[in-house]
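Thank you all for coming; I would like to walk you slowly through one structure today. Please have a look at it on the screen first, and then we can go through its parts together.

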Amino acid sequence: MNKNIYENFTDAKLIKTRNLLKGIAIGFGVVFIVALAVSIYLITSKGLKDSIAALIPVFSLPVVFTPLLINFSLLSKEIKCRNL
């Protein structure tokens, strides 16, 4: 069983996948920052008890973000191994 799923990819597909994952990571980062800013604003304006639902995206986005970063690191290792 292959540990790295990117071993069978062509060079062009590796670069394309890296650019796609980088764009998705930037998008998730922006959404996380906006969700964090909105939740901080709601907590300061209404108090923690009234705006506890605003914390759900702040705590769920890192869980979604982790597999993306793992795949991105595997892809970067494969690109570095091929000297691209």
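This is a predicted model: local features need pLDDT of at least 70, side-chain atom pairs count only at pLDDT 80 or more; totals for chains, interfaces and linings use all residues.

Let me begin with Pro62, which is partly exposed because its relative accessible area is 35%, where buried means under 20% relative accessible area, exposed means over 50%, and partly exposed covers what lies in between, computed with a 1.4 Å probe on protein chains only. Pro62 lies in helix H2, and here helices are DSSP runs of H or I with at least four residues, strands are runs of E with at least two, and both are numbered from the N terminus. The C-alpha atoms of Pro62 and Ser51 are separated by 20 Å, although the two residues are 11 apart along the chain.

Residues are numbered from 1 along each chain as its sequence is written, and side-chain values use heavy atoms, with hydrogens and water left out.

Now to the helices themselves. Helix H1 runs over residues 11-46, and its 36 residues should span 52 Å at 1.5 Å a residue, which agrees with the 52 Å between its end C-alpha atoms; the expected span is 1.5 Å times one less than the number of residues. Helix H2 has 26 residues and reaches 39 Å from its first C-alpha to its last, close to the 38 Å expected. H2 also bends by about 25° at Phe65, with a proline, Pro67, following within four residues, and the bend is the angle between axes fitted to the seven residues ending at that place and the seven starting there. What comes after each helix? H1 is followed by Gly47, whose phi is positive, near 95°, and just after H2, Asn83 takes a positive phi of about 60°.

Which residues of H1 are buried? They are Leu14, Thr17, Leu21, Ala35 and Ser39, and they pack against helix H2, residues 56-81. In H2, the buried residues are Val58, Leu61, Leu68, Leu75, Glu78 and Ile79, and what covers them includes H1.

The largest nonpolar core has 6 residues, namely Tyr6, Leu14, Leu21, Leu68, Leu75 and Ile79, a core being a set of buried Ala, Val, Leu, Ile, Met, Phe, Trp, Tyr and Cys residues joined through side-chain atoms within 4.5 Å. The elements that give two or more residues to this core are H1 and H2, and the largest share, 3 residues, comes from H2. Leu21 touches Tyr6, Leu68, Asn71, Phe72 and Leu75, not counting residues up to four places away in sequence, where contact means heavy atoms within 4.5 Å.

Glu78, in helix H2, counts as buried because its relative accessibility is 9%. Leaving aside neighbours within four places in sequence, Glu78 is in contact with Asn4, Tyr6, Glu7 and Leu14.

Finally, let us turn to the aromatic rings. How many aromatic pairs does a search of the whole structure find? It finds 2, given that rings of Phe, Tyr and Trp (its six-membered ring) pair if their centres lie within 6.5 Å, with planes under 30 degrees apart counted as stacked, over 60 as edge-to-face and the rest as tilted. Tyr6 and Phe9 form an edge-to-face pair, 5.3 Å centre to centre with 85° between the planes; Tyr6 is buried, at 5% relative accessible area, whereas Phe9 is partly exposed, at 21%. Phe28 and Phe65 form an edge-to-face pair as well, 6.3 Å centre to centre and with 85° between the planes. This pair links distant parts of the chain, since Phe28 is in helix H1 and Phe65 in helix H2, 37 residues apart. Phe28 is partly exposed at 28%, and Phe65 is partly exposed at 23%. Leaving aside neighbours within four places in sequence, Phe28 is in contact with Leu61, Val64, Phe65 and Leu68.
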